[in-house]
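Student: Could you take me through one part of this model in close detail? I'd like to see how a single residue sits in its surroundings.

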Amino acid sequence: MSAPKFSETRLLQVILAPVITEKATMIAEKNEQVAFRVAPDATKPEIKAAVELLFKVTVETVKVANVKGKVKRSGRLMGRRDNWKKAYVCLAPGQELNFAAGE
């Protein structure tokens with residue numbers, strides 16, 4: 001089965017930001033996984049292709065979670081944050097992404 005072809009402009013819009021939290025750092029050290037905030041309409045093959053294109057690493061698997069927006073209150077007014085999508089990208093053994101180092 002051949003890899004699907006995606007346009008480079010689309011792949012550059014798929015990954016929005018890395019998720020840097022205590023949980024994401026623990027998962028990165030333990031399981032060689034990295035968490036990203038991705039576009040809400042992104043698919044697993046698109047996320048895999050985008051990470052491989054941007055960071056020049058080999059991706060084994062991608063797991064996706066839809067995060068529900070929190071309900072927030074400002075005085076009497078109730079509001080809601082937007083829903084967003086998080087992707088856990090499992091890298092091949094021996095590969096890593098370092099966001100702190102400037103290349």
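**A close look at Glu46**

Tutor: Happy to! Leaving aside neighbours within four places in sequence, Glu46 is in contact with Phe6, Arg10, Leu11, Val14 and Asp41. Please keep in mind that this is a predicted model. One of those contacts is polar: the side chain of Glu46 meets the side chain of Arg10 at 3.0 Å. Glu46 counts as buried because its relative accessibility is 11%, and buried here means under 20%.

Now let's step out to the helix around this residue. Glu46 belongs to helix H3, which lies across E1, E2, E3 and E6 and runs at about 120° to E3. Those strands form an open sheet of 4 strands, ordered E1-E2-E6-E3 with antiparallel pairing. At its edges are strand E1 (15-18) and E3, each pairing on one side only. From one strand to the next, the twist averages 30°. E3 and E6 are joined by 8 bridges, and Asn66 has Lys85 in E6 as its bridge partner.

The largest nonpolar core has 19 residues, and Phe36, Ile47, Val51, Val89 and Leu91 have the most contacts inside it. At least two residues each come from helix H1 (8-14), strand E2 (33-38), helix H3 (44-55), strand E3 (59-67) and strand E6 (84-91). H3 gives the most to this core, with 4 residues. Another core lies apart from it, with 5 residues, among them Val19, Ala24, Ile27 and Ala35.

Terms used: Residues numbered from 1 in each chain as written. Predicted model: local features only at pLDDT ≥ 70, side-chain atom pairs only at ≥ 80, totals over all residues. Heavy atoms only, no water. Core = buried A, V, L, I, M, F, W, Y, C linked by side-chain atoms within 4.5 Å. Buried < 20%, exposed > 50% of the residue type's maximum accessible area, 1.4 Å probe, protein only. Polar contact = N/O pair within 3.5 Å; in protein donor to acceptor, adjacent residues only side chain to side chain. Contact = heavy atoms within 4.5 Å. Pairing = 2+ DSSP bridges. Axes fitted to C-alpha atoms, helices over the stretch in contact; angles between N-to-C directions.
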